Amino acid sequence: MEVEIRHANPQDMGHILRLIKELALFEKELDQVDINLKDLLNDGFNDPKRFTCFVAENGSDIVGMALLYFRYSTWKGCSLHLEDLIVSEPYRGLGIGTQLLEKVFAYGASKKVKRISWEVLDWNIPAIEFYKSKGAIIKEEWRVVHFPEKEINKYKDYS
């Protein structure tokens, strides 16, 4: 299947939100999606720009996306975090995920990052196998730590 992988633009953000919700439904956490179209537009296209996004476009339909942002590793230096790589279910298995991941890798190389990292759910065996087939190292001994906004706000009086 022929798809174009390109930088997302503001007009794509409604499609991006649809893909985010599709992934959240797949991960059985749709109720956890708080982001909205206004947030995506503001965070992706205003200063400070908080993320970069690539889309996979088939004709006029956005069928996949990769959303990433810079972070800094005290061991490695400048790094990228791939927050989500999503291919809409009817388009999985057609090489679109590979094309998106290759775009992310090319972008990282152009920015001279030392590492690209992301998380994958331990039960998502197809994704784990896909990432391993591309050369990813799965750090199974590491745990992801989240500190939610409610808890963060408990500390605002200490600044």
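**Briefing: a buried histidine and its surroundings**

His81 counts as buried because its relative accessibility is 2%, where buried means under 20% relative accessible area, exposed over 50% and partly exposed in between (1.4 Å probe, protein chains only). This is a predicted model: local features need pLDDT of at least 70, side-chain atom pairs count only at pLDDT 80 or more, and totals for chains, interfaces and linings use all residues. Residues are numbered from 1 along each chain as its sequence is written, and side-chain values use heavy atoms, with hydrogens and water left out.

**Around His81**

- His81 sits in strand S4 (residues 77–87). Strands (E, at least two residues) and helices (H or I, at least four) are DSSP runs, numbered from the N terminus.
- The side chains of His81 and Arg71 make a polar contact at 2.8 Å. A polar contact is a pair of N or O atoms within 3.5 Å; within protein, one must be able to donate a hydrogen and the other to accept it, and residues adjacent in sequence count only if both atoms are side-chain atoms.
- Leaving out residues up to four places away in sequence, His81 touches Leu67, Leu68, Tyr69, Arg71, Ser117, Trp118 and Glu119. Contact means heavy atoms within 4.5 Å.

**The whole chain**

- The protein chain has five helices and five strands. Their order along the sequence is β-α-α-β-β-β-α-β-α-α.
- The radius of gyration (over C-alpha atoms) is 16 Å.
- Along its principal axes, the C-alpha trace spans about 55 × 35 × 35 Å.
- Of the 159 residues, 34% count as buried.

**Helix H1 against helix H2**

- The axes of H1 (residues 13–26) and H2 (residues 37–45) come within 9 Å and cross at roughly 115°. Axes are lines fitted to C-alpha atoms, for helices over the stretch in contact, and angles run from 0 to 180 degrees between N-to-C directions.
- H1 contributes Met13, Gly14, Ile16, Leu17 and Ile20 to the contact, and H2 contributes Leu37, Leu40, Leu41 and Phe45.

**Leu94**

- Leu94 lies in the loop between S4 and helix H3 (96–110).
- Leu94 has 40% relative accessibility, so it counts as partly exposed.
- Leu94 and Glu2 are 92 residues apart in sequence, and 9.5 Å apart in space, C-alpha to C-alpha.

Terms used. Rg over C-alpha atoms; globule rule 2.2 N^0.38 Å.
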